[in-house]
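I opened my notebook to look up a few spots in this structure. Here is what I wrote down as I went.

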2 protein chains.
Amino acid sequence: MKKHNFNAGPSILPQVAIENTAKAVLDLNGIGMSILEISHRSKDFQAVIDEATALFKELLNIPEGYQVLFLGGGASLQFCMVPFNLMSKKAAYLETGVWAKKAIKEAKLFGEVNVVASSADKNFTYIPKGYTVPADADYFHITTNNTIYGTEIRTDLDCNVPLIADMSSDILSRPVNVSKYAMIYGGAQKNLGPAGVTFVIVREDILGKVERAIPTMLDYRTHIKEGSMFNTPPCLPIFTVKETLKWIKSIGGVAAIEKMNIEKANILYNAIDNSKMFVGTAEKDSRSLMNICFVMKEQYKDREDAFMEFAKSRGMVGIKGHRSVGGFRASTYNALPKESVEALVACMHDFEKENA
Amino acid sequence: MKKHNFNAGPSILPQVAIENTAKAVLDLNGIGMSILEISHRSKDFQAVIDEATALFKELLNIPEGYQVLFLGGGASLQFCMVPFNLMSKKAAYLETGVWAKKAIKEAKLFGEVNVVASSADKNFTYIPKGYTVPADADYFHITTNNTIYGTEIRTDLDCNVPLIADMSSDILSRPVNVSKYAMIYGGAQKNLGPAGVTFVIVREDILGKVERAIPTMLDYRTHIKEGSMFNTPPCLPIFTVKETLKWIKSIGGVAAIEKMNIEKANILYNAIDNSKMFVGTAEKDSRSLMNICFVMKEQYKDREDAFMEFAKSRGMVGIKGHRSVGGFRASTYNALPKESVEALVACMHDFEKENA
């Protein structure tokens, strides 16, 4: 039976990226060796990372003055690298969920953290508005998409201080005005590639302003200077990122992707909003296009396990909601085909017919 | 033409590990999804990391009280994590080459570094002996194998303070008495697997003794508590590690591997020592079984480029010496077959016949 992969991350990747990765594992470009066993200093691997970097810059229209890095350690390591490199005294953070809270926790080791707004009061079901970022903050940090709660900041904010965005779960899902950000970072394992590599887009002029000593591997300047090859990078994950970026370009770039993502999300949100049994958890104006969270209405709560079993029997994978929200979460990342969303909606309708 | 892969790292891996990785990239265990697109919290991936951990413990006979971690960031990130977690005031380091120097540089950010001995005086061509480790050092750090210079510490040292070893390039090449070490770490990309994952074997009782605040991702206790899954780990690299460990077990474990490594190294060192044209660079009692470095004798120096071309035409890959040593380096890691060493020796003989 065909699987419909709604995993929240690591998550579905384009089939062509998977197939080309498998080929490169056996033999990269016919050189008689695997991508796993060539030197990162070889011209063969240099071509891989160069192409990944160039495609990333092209697809997001990254302006001059920004550098693109591919690092190890995950977005969680960035939570401490950001303040290590950028916080002199004070930084502002927007608290929109678990990942924002983790970033805030690390920042507090380095100075004063001003949480300008939080949606903790309503279990992070909305994106706060109408807050003020202190003009003397070294930067303002946001998490654009909150995988667990299904909320998303889908516009590029105007900000009076350097804006730093964790875009782990919505990078490349829409066009972004990169010039509004001082830095964008994230783990690759949703829209960009497999687990094991982290991207950083950083405007060089924000670096070098703090006085503290920074360990070499945690200093962005190290990786800029060495083109992400100060040490051995995660070669295979970077190869798959390159293949994923090629796929995005081949289907029309991020503008085309955004159109597809809106269409997919509309199909599912409409089904939820018109359902007798299901209800969305995020406030409508804060809804994510990437992670669509819904639960059973109060009177049907006892049917949640039954729906999970039913959906599983129809090939749905990874739709269990995070324990802090409950219910269901359908992650509709770039590579998820519309057919999978339609299959889930059919599943919901059929279950309602028998149970509502 | 068959390639003989002497790359220094990333380097040759067992063919069965490569083939099984390619299969898992297409479809893991017949579940209908790629290893690249399943959740790290899934039972399928949990089984992968559990098997990798169990095999690692079994093959190295790791005693109770030690934890095995698989992290991102590379051994270079460990250079700062070690002092972050373990240096209160002072640490001792043995300076045996570039990687040791990099580790020393990071440690200096955290306290007093006592370099107990160095072989810098002779371009790191030997392993220092007869030094004293200060009894009040928080730990003593060594680099067991020096890829660039072809020297290796092949015995497990007795040490009066916690012994910490970077074994990036010789882990699993021989049986190790783990109980003599407080910690062993390294990048996977030589004997253990592909680039993108770092192993740490740590005795738990050495942790929690420093007073400084440690960022969450840099604290070993975080990763112990969460079984290497505090954040999304490098899933595919860990899968290939698991396959590589299975291969080591299948051919008889590290005792069998050591025998093969000694045999391979003897073939090449004998050829070098009996050669009219070539000469080894490392002192004989310090020679590495992993990286065999040699140059042309003075009177033949001008033939080095010609030999490189000749060797390349016979399928040799990755034998160029590091620029700080020059000449040639043949890396003879676990997965390199004896036939490749014999092919290189035949190449040297044939070249000598025409040129010496």
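Where is the place of Leu172(A) in chain A? I found Leu172(A) in the loop between β8 and β9. A caution for myself before going on: this is a predicted model.

**Entry 1: that loop in chain A**

I looked up the backbone of Leu172(A) and got a positive phi of about 70 degrees, although the residue is not a glycine. Is Leu172(A) buried or exposed? Its relative accessibility is 0%, so I put it down as buried, the cut-off being under 20%.

I then went to Ala182(A), which sits in the loop between β8 (163-166) and β9 (183-187) of chain A. Ala182(A) has 1% relative accessibility, so it counts as buried too. Which residues is Ala182(A) in contact with, leaving aside its neighbours within four places in sequence? My list reads Tyr66(A), Pro162(A), Leu163(A), Ile201(A), Val202(A), Arg203(A) and Ile206(A). I also checked Ala182(A) against Ala356(A), which is 174 residues apart from it along the chain. Their C-alpha atoms are separated by 50 Å.

**Entry 2: a positive phi in chain B**

Next I looked at Ser228(B), a residue other than glycine whose phi is positive, near 65 degrees. I located Ser228(B) in the loop between α5 (220-225) and α6 of chain B. Ser228(B) has a relative accessible area of 5%, so I noted it as buried.

**Entry 3: cis peptide bonds**

What kind of peptide bond joins Gly9(A) and Pro10(A)? I found a cis one, with omega about -10 degrees. Pro10(A) is in the loop between β1 (4-5) and α1 (15-26) of chain A. Pro10(B) belongs to the loop between β1 (4-5) and α1 (15-26) of chain B.

**Entry 4: where the chains meet**

How many residues of chain A are in contact with chain B? I wrote down 55 residues of chain A, touching 55 residues of chain B. Between them the two chains bury about 4,000 Å², with 67% of that on carbon and sulfur atoms. In chain A, the residues that lose the most area to chain B are Pro10(A), Leu36(A) and Glu37(A), together 15% of what that side buries. Pro10(A) was already in my notes for its cis bond to Gly9(A).

**Entry 5: helix α3 of chain B**

I looked up α3(B), which covers residues 75-86 and has 12 residues. From its first C-alpha to its last I got 16 Å, close to the 16 Å expected at 1.5 Å a residue. How many residues of α3(B) are buried? The count is 12 of its 12 residues, and my note calls the helix mostly covered. Among the buried ones are Phe79(B) and Met81(B), along with Gln78(B) and Asn85(B).

**Entry 6: two crossing helices**

Last, I took helix α6 (residues 235-250) and helix α7 (residues 253-273) of chain B. Their axes come within 7 Å and cross at roughly 80 degrees. I therefore call α6(B) and α7(B) roughly perpendicular to each other. Which residues of α6(B) meet α7(B)? They are Trp247(B), Ile248(B) and Lys249(B), facing Gly253(B), Val254(B) and Ile257(B) in α7(B). Sorted by class, this contact has 4 nonpolar, 1 polar and 1 charged residues.

Key. Residues are numbered from 1 along each chain as its sequence is written. Chains are lettered from A and ligands numbered from 1 in the order in which they are written. This is a predicted model: local features need pLDDT of at least 70, side-chain atom pairs count only at pLDDT 80 or more; totals for chains, interfaces and linings use all residues. Side-chain values use heavy atoms; hydrogens and water are left out. Helices (H or I, at least four residues) and strands (E, at least two) are DSSP runs, numbered from the N terminus. The expected span of a helix is 1.5 Å times one less than its number of residues. Buried means under 20% relative accessible area, exposed over 50%, partly exposed in between (1.4 Å probe, protein chains only). Axes are lines fitted to C-alpha atoms, for helices over the stretch in contact, and angles run from 0 to 180 degrees between N-to-C directions. Angles under 35 degrees count as roughly parallel, over 145 as roughly antiparallel, 65 to 115 as roughly perpendicular and the rest as oblique. Contact means heavy atoms within 4.5 Å. Ala, Val, Leu, Ile, Met, Phe, Trp, Tyr, Cys and Pro count as nonpolar, Asp, Glu, Lys and Arg as charged, and the others, Gly among them, as polar. Buried area is the accessible area (1.4 Å probe) that two parts lose on being put together, summed over both.
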